[in-house]
Amino acid sequence: MKPFEEKTLETERIYEGRVINLRKDKVTVRDGRTSWREVVENNGGAVAVAVTAEGELIMVRQFRKPFDRVMLEVPAGKIEPGEDPDNTVRRELREETGFTADSYELLAEMFPSVGYTTERLFIYLCTGLHKGDTDFDYNESIEIYKYDFEKIYQDVIDGKIHDGKTIAGVLLAAPKVRSLL
């Protein structure tokens, strides 16, 4: 049986912001009736799983307001309108950590939450790292750390890392990182 595809009958704009927009779509459902879908529009982001030649993963700690706590994450940032994710990952890695890389390998394109947002993340393995200067946005307070990749991998497996892009990035990168070391 072919999956049913909803048809949008009307769209109501609820909110337009700097990072997200919110809309309500009136759609048809399988039995012919209508329903509403709330959709958070987001340009997405690029994620840098940056690993040194010594097997250290570059990570950042920063306060995340939705959870009112400091989170340990791999560097990442939002894609500007019309920007290519390859450029975003280069910019964000440099801005947040000061590092540039010789190699930026796209590991995956992922949709973090398909039920309500258009966000897509592009996850890159970044190797051949060179240290430079950071260039934080005025509203960022970021601390940079290096951790043994295998320790962070085990922390992911043990449920100690809670950021979804970091979990996905570490798991996707693990086979390639292990083959490099």
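**Figure 1. Lys165 pairs with Glu73.** The side chains of Lys165 and Glu73 make a polar contact at 2.6 Å. A polar contact is a pair of N or O atoms within 3.5 Å; within protein, one must be able to donate a hydrogen and the other to accept it, and residues adjacent in sequence count only if both atoms are side-chain atoms. The model is predicted: local features need pLDDT of at least 70, side-chain atom pairs count only at pLDDT 80 or more, and totals for chains, interfaces and linings use all residues. Residues are numbered from 1 along each chain as its sequence is written, and side-chain values use heavy atoms, with hydrogens and water left out. The Lys165 side chain also makes a polar contact with the side chain of Asp163, at 3.0 Å. Lys165 lies in helix H3. Helices (H or I, at least four residues) and strands (E, at least two) are DSSP runs, numbered from the N terminus. Lys165 counts as buried because its relative accessibility is 13%; buried means under 20% relative accessible area (1.4 Å probe, protein chains only). Leaving aside neighbours within four places in sequence, Lys165 is in contact with Val47, Arg64, Glu73, Val74, Ala76 and Leu121. Contact means heavy atoms within 4.5 Å.

**Figure 2. Tyr124 is buried in strand S9.** Tyr124 is found in S9, residues 121-131. Its relative accessibility is 1%, so Tyr124 counts as buried. The side chain of Tyr124 makes a polar contact with the side chain of Asp86, at 2.4 Å. Beyond neighbours within four places in sequence, the contacts of Tyr124 include Ala46, Val47, Ala48 and Val49. Pro85, Val89 and Tyr104 are also among them. Ser35 is 89 residues from Tyr124 in sequence and 37 Å away in space, C-alpha to C-alpha.

**Figure 3. Helix H2 buries one face.** In H2 (residues 149-157), Phe149, Ile152, Tyr153, Asp155 and Val156 are buried. Seen down the axis, these buried residues fall within an arc of 160°, so they line one face of the helix. The arc is that of the directions from the helix axis to the C-beta atoms. An α-helix has 3.6 residues a turn, so residues three or four places apart point the same way. The cover over the buried residues of H2 includes S4, S5, S6, strand S10 (143-148) and H3. Asp148 caps the N-terminal end of H2, with a side-chain oxygen 3.2 Å from the backbone nitrogen of Glu150. Gly159 follows H2 and has a positive phi, near 75°.

**Figure 4. The largest pocket has a volume of about 1600 Å³**. On a 1 Å grid over the protein atoms alone, a pocket is an open set of points where a 1.4 Å probe fits, with protein on both sides within 12 Å along at least five of seven lines; lining residues have an atom within 4 Å of a point. Grid points are joined across faces, edges and corners, and a volume is the space filled by probe spheres set on the points. The largest pocket is lined by 47 residues. Val19, Asn42, Arg64, Lys78 and Glu119 lie nearest its centre. Elements giving two or more residues to the lining include strand S3 (34-41), strand S7 (76-78) and helix H1 (85-97). H1 gives the largest share, four residues.

**Figure 5. The protein chain has three helices and 10 strands**. Of its 181 residues, 41% count as buried. The C-alpha atoms fill a box of roughly 60 × 40 × 30 Å, taken along the principal axes.

Conventions:
Buried means under 20% relative accessible area, exposed over 50%, partly exposed in between (1.4 Å probe, protein chains only).
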